[in-house]
Each structure stands twice: as structure tokens, then as C-alpha cells.
Amino acid sequence: MKKIRKKNEKYLIDQFHELNLISHQMKKSLLFILKDFLTCKIKQKASLEDYLIFKMYQLNKYERKTIITRGVNNELVLKYNDPKYVHTFQNKVKLYQTFSKYINRTWIEIGTTSKNDFALYCLNHREIIVKPSVKKRNEKVEKITISEYKLKELYEEIVEKNQTLIEEIIIQNKELSKLHKESINSVEVITLLGKTVAAYLKIGNNKNKVDSFEEGGLIAPIDIETGIVSGYCVDKEQNIYEKHPLTKIMILGFKIPLWEEIKKTCEEMALEIPQIGYASWTIAVGEEKLFLLDAKDYPDHTLYSLENIEKNNIGLLKIFREVEERKYEE
């Protein structure tokens, strides 16, 4: 409890420091900035994080109305996602079973599989991925090299860490592998009422084996019409990159392989459970096929700040509303 309290206190101090910097940048008093934030909180349902990451202090009244803030995101979730169906997205075993034809790799779960089956699975694979069966915030996903462990010790470690979902390694598309070969560099697609409304490329960094933000990964927006990375990528510290900092390969302008198939597949999956009308889908891309890695019934709206709104200061809400209107007309 003390750690959580200290973490929250640090977060508030950091946010206050950011507001203070903004007041100097905008040449406005801190009181003016605080009042401006409260206006956004009331009118656009913005959190303090929204105010900062979407740079709402730089936007006019019309531009602010186009931002999908935390409050707007919550409204979309409440409107389109039936709580009776979210369990499918919150348990990865259930998710894999429901969307089995999109997984395209073998997997087992400790608890429903015997130790002998676990041993046999490991003997048939040089490397495996281990992750929790039940989703948690900042969950730990690891790539394991079997030869580095005794099977009994590996089994006990997996159980102790509660990483009970085990799956085979994916061989990703060569072009995506060039960006950062040590990790699977995935695509996250957001769908609303069965239509793609946003997409992002997630890339590993620092030779880490996963593309997670928490492990130093990068993320960049994808133009949903062309499948081309349309803006600079950022890391957790909000450092901006045009090229990958390690491999020096250009990310801005990168064309996502199999893009039309990715969109089609995500829109198909979205219709499998229409009671979850607003969702995100994480896809790994192979040479000829796709692999569903994860799906969420609560898309992360902070990703929408990665769109290059500096070009025209317009957020994504207009795109979302157009999809809603077309669905209503149908």
C-alpha cells in the first residue's frame, strides 16, 4: 500500500511539474493553466494526463472537441461493450479458444495439461513464449530458451510466476524483423462497430525480446488507408524517433506487410462477438499469415495522441463519429 501511495504521489508531482513547464512555455500563469485544464475536464471529459499528452493547452475550442479523451473513451466502452461478454477478452485461454482460427500457432496451459505433456511440448520446441493466462496490468511476457533450463525447474518457475500460458515462437515477416529482430514487432488495430478506426506499429528496442512499452519498446501511428507509418514513433519517456534508435532503419514511412489482410482479419474478428463493438486487436505478421496475439475490450485511448495532430490539430473523434453514423444509417 505504501508503494502505491508513493507511486501516486510521484505521479502527481511529475504532472504538476509538467503543468509548471507548460505555464512557462505558453507564457501564462500556472493559475491560468490550471483553470484551462479544469475547463477541458468539464467540457471534454479530459484527465490531467489527456491535457498533457494531447497538448490540449495548444488547441482551440474546435480542435479540443475532436480529441478522444479518457471520458469520451469510457463512454464508447459503456455504449458498445456488453459487460456480459468481456470475460472472453480478459482471459487469454478463453480468448485463444474463441478465436482459435486466428491464433495460427500451438499452445498449452499449465493447469489443464499434465507435466508429461508440458515436457513433451518443451522437447518439441527450442524456444517458447510464457505469459499469464489471466490478463494483468503490465503483465510479464517472456521468451524462454529451453536448453537453458532443466524441465522440472522451468515448470516450477513458470508456476511460481503464474506464466501458465505457453506457446510456440512466431516467425515474423522479414521486413518487420529488420526493424528489431530480437522481438515480435506487432500491429495494434482498433475497431469500432466492425470497422478499423486506428492502428499502431509496436516495435521492440534495446535487444529486448518483447515490444512492450514497459521494456523500452516504441510505438508509431499507421495510416489506416495505406498501411504506412504516418508519424514519428515514441518510447515510454516520450522521446521521438524517425529511425529506430538501435538498428537505424527508417520507421516513418514504413509500409506494413499484408496490411489489407490485417484490416480484413481484425474486422472479421470484431464481428465474431458483436456485443463487444469497440475493441483493440494485437497482430503479429508472418510471411504469409497472421497471428492473433491479444485483444482488449478497453482500447488504450492514450495511443490516439500518437497521431500526427501537429499537422492539422484534429483528433480522431471525427473518424469514430463517421463510423457510428454509417452504422446507424445501415
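Q: How many aromatic pairs does a search of the whole structure find?
A: The model is predicted. Rings of Phe, Tyr and Trp pair if their centres lie within 6.5 Å. Searched over the whole structure, the number of aromatic pairs is 10.

Q: Is the aromatic pair of F37 and Y51 stacked or edge-to-face?
A: The two ring centres are 5.7 Å apart, and the planes make an angle of 65 degrees. Planes over 60 degrees apart count as edge-to-face, so the pair of F37 and Y51 is edge-to-face.

Q: Which helices does the pair of F37 and Y51 link?
A: The pair links distant parts of the chain, its residues being 14 apart. F37 lies within residues 30-43 and Y51 within residues 48-53. These are helix α2 for F37 and helix α3 for Y51.

Q: Are F37 and Y51 buried or exposed?
A: A residue under 20% relative accessible area counts as buried, one over 50% as exposed. F37 and Y51 are both buried.

Q: Which residues form one aromatic cluster with W281?
A: The cluster has four members, W281 being one of them.

Q: The charged end of which residue sits over the ring of F32?
A: A charge of this kind must be within 6 Å of the ring centre. Here the distance from the centre of the F32 ring is 5.0 Å. The residue is K28.

Q: What is the radius of gyration of the protein?
A: The protein has 330 residues, and a compact globule with that number would have a radius near 20 Å. The value for the protein agrees with this: 21 Å.

Methods
Residues numbered from 1 in each chain as written. Predicted model: local features only at pLDDT ≥ 70, side-chain atom pairs only at ≥ 80, totals over all residues. Heavy atoms only, no water. Phe/Tyr/Trp six-rings, centres within 6.5 Å; stacked < 30°, edge-to-face > 60°. Helix = DSSP H or I, 4+ residues; strand = E, 2+ residues; numbered from the N terminus. Buried < 20%, exposed > 50% of the residue type's maximum accessible area, 1.4 Å probe, protein only. Lys NZ or Arg CZ within 6 Å of the ring centre and 35° of its normal. Rg over C-alpha atoms; globule rule 2.2 N^0.38 Å.
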